Amino acid sequence: MLHLLPHLVTQHTARLWLCARGVDKAQLASISLRVNGIEAPVPVKDWQDFPPARSSAWQPMGAMPLLYQFLDAGPLQPDRVYEASASLGDSQPARARFNTLPGQLGDETKPLRVLLSSCYFTGNRRSRLASSLFGQLDRNGLRPHLRIWAGDQVYLDAPWYEFAIKSHSVAELERLHSATYARTWFADQGLNAVLPQGANVFCTDDHDLWNNAPHPSVVARDTSDPTKREAWRAIARALGQTFQGDTANGQRFQVPPLDFFVLDARVNRTDERLFSNAQWQQLRAWAAEPQGLGVLVLGQPLFERASKRRGELGDYRLADYEREYSELMELLGRATRSTTVLTGDVHFSRVTWSSFPASATARNERRVTELISSPLALVAGGQLLSVFGDWAAAPAKASLPARHSFSGTTMHTDESLHSAAECTMLLEFYRRGQRVFCTVSQWRLNDLDASRPSFRREYFLGISQ
């Protein structure tokens, strides 16, 4: 069986994920790919195996053997709908559909539509309603240009009683984690009908590995054993790279004046660091851009105090990594352009912003706005395991030194979006002259009968330089 789904799509290219399950390697040369009816090459040499043949941390058992590759289709035309199909012999072809990005950001009559989601647990029976909710947006003429998955697309450490109470062999971990991805990507109860119907951008977070990864966690008993913890991490990383792509490096794309940067703060995390040197280099270059308006995708919120929690139950926040968090916030606070942060993780949705007055280095007022959308389908025991608990406003001040650029500003939370409901968030970006806005709509799983969002409001994001 073949599976085809779009990953990052730009104005002129589309990265397509092609997966073959139960296909003999001798048949790979017979697989064909067509984009809008035009044949696209499928290089036989580019097929990769899951599980990998060998790993320094675990001996793969082949619990879910499959072959996959990422193909870059193009050249394409901006702001157009494309249909893609992959075929093998007389079997049913795998089909995908996507929109290329517009060349420029339009006004409110032609917005850039981005769907922001995080925290999706297939063990929740309501998870299958996500497919209906996404389809409802399409029927309402609100089909997004891309979907941003901001972390916890899978819960490899759930249900909690399986991993908090029981211990497992490495072979069992491979089987269980592979089954979780199979339910999410391939089953009707998961995202099988959703992912092929548009561009997908992935940023992982802790449950794509385990709660509070890479640190040991009492709700993932096997991680208390250093050998099994490394094996779990290797399995999770291999699965993440196979299905979600290698998020260890930043992804950058633009719809001018919007300048998107996807920054995974989990896969390279250590005891002391959030990002690798390569990620820092990409981040500094992106933050130093004087033109446009930045859009930063993260797996955890920025506008939080340090948790000061120590131990093995909660998930450390970005602010708990004091040195790197301070530098990240300094880059945004000193930037000459406004920034919008898109994130999830916390099992509630929220809109928060800070304002910076015009200065000698920035001629216009700047804003840093954070939009949180979480959860899409709540994990079993999610509220009990969450450091944050129920909905909470952002702190007025961040956990930063007194002379930090953010210490002179206040974080404002819009109390009108006070929601811990299962939902997705539709973001419609547009411009009026040099002023950039976003209309935020929250669509809850409970809104299926209403066929309208539970919340909708326009926010000013900043002036494009």
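Which ring does the charged end of Arg435 sit over? That would be Phe460, with the charged end 4.2 Å from the ring centre. Keep in mind that this is a predicted model.

**Charges over rings**
- Arg432 lies over the face of Phe437, and here the distance to the ring centre is 4.4 Å.

**Aromatic pairs**
- There are 23 aromatic pairs in the structure.
- Take Phe134 and Trp149: their ring centres are 6.0 Å apart and their planes meet at 15°, so this pair is stacked.
- That pair ties together distant parts of the chain, with Phe134 in helix H1 (residues 129-139) and Trp149 in strand S10 (residues 146-149), 15 residues apart.
- Phe134 and Trp149 are both buried.
- Trp160 and Tyr161 make an edge-to-face pair, because their planes are at 80° with ring centres 5.9 Å apart.
- Trp160 counts as partly exposed at 37% relative accessibility, and Tyr161 gets that label at 45%.
- Ring pairs also join Trp17, Tyr181, Trp185, Phe186, Phe202 and Phe243 into a cluster.

**Cysteines**
- Don't look for disulfides in this model: the count is zero.
- Cys438 shows why for its own sulfur: the closest cysteine sulfur, in Cys423, is 14 Å away, too far for a bond, when the cut-off is 2.5 Å.
- Cys438 is buried, with a relative accessible area of 1%.
- Cys19 is buried as well, at 0%.

Key: Residues are numbered from 1 along each chain as its sequence is written. This is a predicted model: local features need pLDDT of at least 70, side-chain atom pairs count only at pLDDT 80 or more; totals for chains, interfaces and linings use all residues. Side-chain values use heavy atoms; hydrogens and water are left out. Buried means under 20% relative accessible area, exposed over 50%, partly exposed in between (1.4 Å probe, protein chains only). Rings of Phe, Tyr and Trp (its six-membered ring) pair if their centres lie within 6.5 Å; planes under 30 degrees apart count as stacked, over 60 as edge-to-face and the rest as tilted. Helices (H or I, at least four residues) and strands (E, at least two) are DSSP runs, numbered from the N terminus. A charge sits over a ring if NZ of Lys or CZ of Arg is within 6 Å of the ring centre and within 35 degrees of the ring normal.
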